[in-house]
Amino acid sequence: MLSNFSLTDQLATIWAVTLRVFVDPGHFLSIFPLFIAFCIAFFVVCHRRRQKTGSSEVDLRRTMQLLFPRRIFMHDSAKLDYAVFAINQIVLFAIAVSTFLSPAIISNTILEFAAVLGLQTAGTDSSLALRILYTVYIVLLWDFSATYAHYLKHKVPVLWEVHKVHHSAEVLTPITALRRHPLDALFGTVCTSIIMGAGIGVWVLFLGQDVMPIYVFGSLIGIWVWRIAGYNLRHSHLWLSYGDFWNRVFISPAQHQVHHSKSQQHYDKNFGHIFSVWDSLFGTLYCPKDTERVQFGIGDDELPEYRSLFGLYVTPVVKIWRHFAGFPADEKLQRDTGQP
C-alpha cells in the first residue's frame, strides 16, 4: 500500500534514480564514457606539458590538479549543477514516463494517414547493408532534430528563457550537460520526437518497415560512439579542437565551449551535437583558429538571478509570464523580438 511506502523507501528510490546514470552503459555520464574522456584529457594535458617543459616525465600530481581543479569543480556554479542534476533526475524521469509524444507515435500517425489516402508501405528485407544504411539515416535524423531544437531554443525568445538556465553556468563540468530547466528538456523531447517520427514515417512508407537499426546498450551505435569519444569534454575546462578541417565535419569540445561563451562574437554559434554540417547550413558555424580564452555564462546584468536553485527553476517561468502578460521585456527579448 502507498501508506507503507516510507520516507526511507522514497529516499532510496530517489537515490537509485539519481545514481543509475553512472552505471547505465548507454548514458554519457556512465563510468566508461567518463573514463574514456579522462584518458583523452590525461593524454592531452601530458602532451601539452611535455611541449611546454621539454620533459618526458609525467608529474602525476600536477596533471591531476590540472584535470580536476578545485576552483572549477567546487565553484558555486558547479555545486548548483550537482543539485540540479539530482533534482532533474526525478523530474525528467517523471516527464519521460508521462510524455505524450514519441517518434513511434508520430511515424504511426503518418502511416495511418497514408493508408487513408490509399498509400501502402513498401516491403523490404532486413539485410545487414540496409540495417547499416538505416542506422546512419536515423543518426543523421536525430542529430539534425536535436540541433534544430537547440537552434530554436536560442532564436525563439520564450524558449531562450528556459534554455538560459543551461547557459548560466559559469564553469563547465560533465554534469553541466544536465543543467536544464524541465521545460527546456520537455521542448527538446517534443521537437526531436516530431522530426524523427516524421523522418521514420517517410522511410517506412517508401522503403519498408522491416528494418531494425543497430543498437549498443540501448543507444544507436553512432550516438553511443559519439558519447564515448570524448563527449564529456564538451562541458569541461579543457580546450580541445579537432583542427580546421575536422571542425567542419564534427563539433569539437572547443566549439561547444565557444557556444557557451558570453562574448558577443560567439553568440548563437555552433548549435550542433555530432556533425557541423547543420551549422554550416544555418550559417552559425564558428571554427576557432587558435586557442581562445572563453568566459562562460550569460550577461552580467542577468547572471545574479541564476545563482540559486530558486532562480534556476522559477526565474524563467516568471520571465515567460511577464512576457505574455505584457510587462517590459528583458534586453534579449527586446532584441530578438524587435521591440524598442
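Helices are taken here as DSSP runs of at least four residues, numbered from the N terminus, and in this predicted model Thr 176 lies in the loop that runs between α8 (157-167) and α9 (182-207). Thr 176 counts as buried because its relative accessibility is 0%, where buried means under 20% relative accessible area. Leaving aside neighbours within four places in sequence, the residues in contact with Thr 176 are Asp 81, His 166, Ala 169, Val 171 and His 235.

One of these contacts, Asp 81, also takes part in a salt bridge with Arg 179, in which the side chains meet at 2.5 Å, N to O. Arg 179 lies in the loop between α8 and α9, whereas Asp 81 belongs to helix α5 (residues 76-98), so the pair ties together parts of the chain that are 98 residues apart in sequence. Arg 179 is buried, with a relative accessible area of 1%, and Asp 81 is likewise buried, with a value of 0%.

The salt bridges of the model come to 11 by count. Another of them joins the side chains of Lys 153 and Asp 184 at 2.9 Å, N to O, and links distant parts of the chain, with Lys 153 in helix α7 and Asp 184 in helix α9, 31 residues apart. Both Lys 153 and Asp 184 are buried. Within helix α8, Glu 161 forms a salt bridge with Lys 164, the closest N and O atoms being 3.1 Å apart; the two residues are separated by three places, about one turn of the helix. Residues three or four places apart in an α-helix point the same way, because the helix has 3.6 residues a turn. Glu 161 and Lys 164 are both buried, and together with Glu 302, Glu 305 and Lys 319 they are linked in a network of salt bridges.

Helix α8 also packs with helix α7 (residues 128-155), at an angle of about 105° and with the axes 6 Å apart. Since angles of 65 to 115 degrees count as roughly perpendicular, α7 is described as roughly perpendicular to α8. On the side of α7 the contact is made by His 150, Leu 152, Lys 153, His 154 and Lys 155, and on the side of α8 by Pro 157, Leu 159, Trp 160, His 163 and His 167. By class, four nonpolar, four polar and two charged residues make up this contact. Lys 153, one of the residues of α7 in this contact, is also the partner of Asp 184 in the salt bridge described above.

Helix α10 (residues 221-228) contains the buried residues Ile 223, Trp 224, Trp 226 and Ile 228. The buried residues of α10 pack against α2 (31-53) and α7, and also against β1 (215-216) and β2 (219-220). Just after α10, Gly 230 takes a positive phi of about 85°.

Aromatic pairs number 21 in the model. In the pair formed by Phe 38 and Phe 42, the ring centres are 5.8 Å apart and the planes stand at 45°, so the pair is tilted. Phe 38 and Phe 42 both lie in helix α2, four residues apart, which is about one turn of the helix. Phe 38 is partly exposed, with a relative accessible area of 26%, and Phe 42, at 23% relative accessibility, also counts as partly exposed. Elsewhere, one aromatic cluster is formed by Phe 144, Tyr 148, Tyr 151, Phe 271, Trp 278 and Phe 282.

Terms used:
Residues are numbered from 1 along each chain as its sequence is written. This is a predicted model: local features need pLDDT of at least 70, side-chain atom pairs count only at pLDDT 80 or more; totals for chains, interfaces and linings use all residues. Side-chain values use heavy atoms; hydrogens and water are left out. Buried means under 20% relative accessible area, exposed over 50%, partly exposed in between (1.4 Å probe, protein chains only). Contact means heavy atoms within 4.5 Å. Axes are lines fitted to C-alpha atoms, for helices over the stretch in contact, and angles run from 0 to 180 degrees between N-to-C directions. Angles under 35 degrees count as roughly parallel, over 145 as roughly antiparallel, 65 to 115 as roughly perpendicular and the rest as oblique. Ala, Val, Leu, Ile, Met, Phe, Trp, Tyr, Cys and Pro count as nonpolar, Asp, Glu, Lys and Arg as charged, and the others, Gly among them, as polar. A salt bridge is a side-chain nitrogen of Lys or Arg within 4 Å of a carboxyl oxygen of Asp or Glu. Rings of Phe, Tyr and Trp (its six-membered ring) pair if their centres lie within 6.5 Å; planes under 30 degrees apart count as stacked, over 60 as edge-to-face and the rest as tilted.
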